[in-house]
Structure formats: structure tokens, C-alpha cells
Amino acid sequence: LNHAKFAKLKKLEILHLEFNKLKFLDRNDFQGLENLLVLNLNYNNLKFNQNEQPFFHLSSLEKLSLNDN
């Protein structure tokens with residue numbers, strides 16, 4: 001993901017990224033999305049590294065979907 005694409009979407013509350021063949025997430029990929037409530041990452045090829053903490057900036061997140069990764 002290119003985190004610069006999300007930087008100006010400060011009011012975004014729901015983001016669907018399922019079926020995108022995503023493999024990795026970086027710590028800053030969701031930077032600027034402080035109001036995001038729902039993030040759907042189902043059906044990708046994600047592998048997580050505990051040190052990356054890709055959801056660190058999502059302080060308002062209420063629902064995270066990671067099925068079938």
C-alpha cells in the first residue's frame with residue numbers, strides 16, 4: 001500500500017480492501033486515518049510481522065476483518 005494515498009482522507013470511516021492480493025502491511029500504511037471505524041482486509045495474502053504494527057495509528061478502529069489471509 002502507498003500510505004500517501006490515505007493521508008488526506010481524515011474523515012474516512014469505512015475502508016474495504018478485500019480481494020486485493022495484499023501481502024504485507026507497513027506501520028505507516030494507514031497513517032492519517034484516525035477516524036477509521038471499520039477496516040476489511042479479508043481474502044488477501046497478508047503475513048504479519050509483530051514489529052510492524054500496521055494498525056498502530058487506527059485509534060478509533062472498532063472492527064477489523066482479517067479472514068482468509
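This short tour goes from the sheet to the aromatic rings and then to a surface patch.

You are looking at a predicted model, where local features need pLDDT of at least 70, side-chain atom pairs count only at pLDDT 80 or more, and totals for chains, interfaces and linings use all residues. Residues are numbered from 1 along each chain as its sequence is written, and side-chain values use heavy atoms, with hydrogens and water left out.

Start with the strands (DSSP runs of E, at least two residues, numbered from the N terminus). Three of them make an open, parallel sheet in the order E1-E2-E3. Select 14–16 and 63–65: these are E1 and E3, the edge strands, each with a single partner, so one side of each lacks a neighbour in the sheet.

Next, show Phe6, Phe30 and Phe55, which form one aromatic cluster. Rings pair if their centres lie within 6.5 Å, and planes under 30 degrees apart count as stacked, over 60 as edge-to-face and the rest as tilted. Phe30 is buried at 0% relative accessible area, whereas Phe55 is partly exposed at 21% (buried is under 20%, exposed over 50%, partly exposed in between, with a 1.4 Å probe and protein chains only). The rings of Phe30 and Phe55 have centres 6.2 Å apart and planes at 15 degrees, so they are stacked.

Last stop: Phe48, in the loop between E2 and E3. Phe48 is partly exposed at 42% relative accessibility.

Key. Two strands pair if DSSP finds at least two bridges between them. Helices (H or I, at least four residues) and strands (E, at least two) are DSSP runs, numbered from the N terminus. Rings of Phe, Tyr and Trp (its six-membered ring) pair if their centres lie within 6.5 Å; planes under 30 degrees apart count as stacked, over 60 as edge-to-face and the rest as tilted.
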